[in-house]
Amino acid sequence: MAMIAKKCPQCQVKIVDINADRINAWNSDCLPIYEPGLKEVVESVRGKNLFFGTDIDASIKEADIIFVSVNTPTKTFGFGCGKASDLQYIEKTARSILAASESHKIVVEKSTLPVRTAESMERILNSNQKGIHFDVVSNPEFLAEGTAIADLENPDRVLIGGHTNESGRAAVEEIAKIYANWVPRERIITTNLWSSELSKLTANAFLAQRISSINSLSALCEKTGANIDEIAYAIGCDSRIGPKFLKASIGFGGSCFKKDILNLVYLCEHYGLPEVAAYWESIVKINEWQTTRSVKRVLRSLFNTIAGKRIAVFGFAFKANTNDTRESPAHLVVRELLEEHAIPVITDYKALPDAKRNLSDVLDKVQFTEDPYEAVKDAHGVLLCTEWQQFAELDWKRIYDLMSKPALIFDGRNILDGDELKKIGFEFMSIGKA
Ligand code: UGA
């Protein structure tokens, strides 16, 4: 929305939320999320044509277009528990829009949703007795955290799905016109509603599938002497495969991949396609296996016992350049270290507050420090979980001197120079290399 405000000075953008603390933070100098470049964009338009508030009903009344961006977490109860999307916030929002509206509106699904959610939205919205017509349009978001501003400024594509009748087509065009202020028309794709809704889940499933594919083969590389980074390069040169999303890792994280794939699995099961469901579910299973087997490798290297040993965990964010820790592989790593009675010492450049919240039930067993050199004091191992560039630039000789010996490094992101580290004296392990 900040980017729309920036690129469309003729539009008034109002962001409303039921959480007043968050809105206050968006109105302050300290934004509630860390995202490179976001603060500058927000500050350039806030108070001009971008506003944050909690007056939801009044904002609904005024709006011509409403982007619904509420959360759709995985259900933790009832039918579909652990897989299906919990759509209660979507439904509540549709009902709020219905209650407060006095004129026609275009309602845009921005949240990631299961295919055919628009049908339910329309049933609620068009059940009104006021004679108001609502058009529901799907406009999924494809930005990635850490690179959000660049992704929004220069998207590969913008996807807009709507009904193919006259009013549906007009609504799609209205949304397309907003993006056309800065996105070339040929990159604005329009489809029917269901294709748009399903494309979002499919895109994330394909991206995650590439990571699980390369990660599964990293295990074979470790057994055979092949090198996963060399393989990724070799296959990525094939223009049909392409080089992106082939970086072997300790596992993918983030709020989207696992949730969206499990939602896809649920949909396939719901529509009676168990084989398709099993295919996509295996991508999540391999991902968890990749993280768990990494911890087991560390355990084996430390003489099969890490009880009472300090293990430095480098990075808790699910990827670099974000403070987001949702579904971070580091979280699973720390839980497994605790199972072995180790003492995890976590360091991260942005994610320590969230790490503390995630681990609030075990705060007495885990240590946190902003200083990586502090984290490694007397540690038996370093387990690198997040690819912060700063980690690659540390003084590793100093780190070696501070650690217990033998000193082990497990590079779960393949960003460190293993040969250099071995020269210093480290025992070094990484993903997909013997
Ligand atoms: C992902 C998609 O990339 C976005 O297109 C999508 O809009 C977003 O989900 C969403 O649905 O909101 P995001 O989760 O922010 O974006 O981050 P990614 O860059 O996709 O990374 C996901 C995870 O995969 C991270 O843990 C990352 O470290 C890992 N990863 C990524 C790898 O392990 N290897 C790779 O080659 C690439």
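At what angle do helix H9 and H12 pack, and how far apart are their axes? In this predicted model, local features need pLDDT of at least 70 and side-chain atom pairs count only at pLDDT 80 or more, while totals for chains, interfaces and linings use all residues. Residues are numbered from 1 along each chain as its sequence is written, and side-chain values use heavy atoms, with hydrogens and water left out.

Back to the helices: H9 (residues 193–224) meets H12 at about 40°, and their axes sit 9 Å apart. Axes here are lines fitted to C-alpha atoms, for helices over the stretch in contact, with angles running from 0 to 180 degrees between N-to-C directions. The elements themselves are DSSP runs numbered from the N terminus, with helices (H or I) of at least four residues and strands (E) of at least two. The angle therefore makes H9 oblique to H12; angles under 35 degrees count as roughly parallel, over 145 as roughly antiparallel, 65 to 115 as roughly perpendicular and the rest as oblique. H9 passes H12 in a left-handed crossing, the label used if the near helix is turned anticlockwise from the far one by less than a right angle, with right-handed meaning clockwise. Contact, meaning heavy atoms within 4.5 Å, involves residues of H9 including Phe206, Gln209 and Glu222, and residues of H12 including Trp280, Trp289 and Arg297. By class, there are nine nonpolar, seven polar and three charged residues. For that sorting, Ala, Val, Leu, Ile, Met, Phe, Trp, Tyr, Cys and Pro count as nonpolar, Asp, Glu, Lys and Arg as charged, and the others, Gly among them, as polar.

H12 (residues 274–301) also packs with helix H13 (residues 329–339), at an angle of about 45° and with the axes 10 Å apart. So H12 and H13 are oblique to each other as well, but H12 passes H13 in a right-handed crossing. On the H12 side, the contact uses Glu288, Thr291, Thr292 and Val295; H13 brings in Pro329, Leu332, Val333, Glu336 and Leu337. That set splits into five nonpolar, two polar and two charged residues. In the loop between H12 and strand E8 (310–314) sits Phe303, whose phi is near 65°, a positive value in a residue other than glycine.

Elsewhere, H5 and helix H6 (residues 117–125) cross at roughly 30°, and their axes come within 9 Å. H5 is therefore roughly parallel to H6, and the crossing is right-handed. Among the residues making this contact are Ile90, Ala94 and Leu98 of H5, together with Met121 and Ile124 of H6. Seven nonpolar, one polar and two charged residues take part. Ser69 belongs to the loop between strand E3 (65–68) and helix H5 (88–100). Setting aside neighbours within four places in sequence, Ser69 touches Lys110 and Ser111.

An oxygen atom of the ligand is 2.6 Å from a polar side-chain atom of Arg413. For Lys319, an N or O atom in the side chain is 2.7 Å from a ligand oxygen, and a polar backbone atom of Glu145 is 2.8 Å from a ligand oxygen.

One backbone detail remains. The peptide bond from Lys405 to Pro406 is cis, with omega near 0°, and Pro406 lies in the loop between helix H17 (396–402) and strand E12 (408–411).

Conventions
A polar contact is a pair of N or O atoms within 3.5 Å; within protein, one must be able to donate a hydrogen and the other to accept it, and residues adjacent in sequence count only if both atoms are side-chain atoms.
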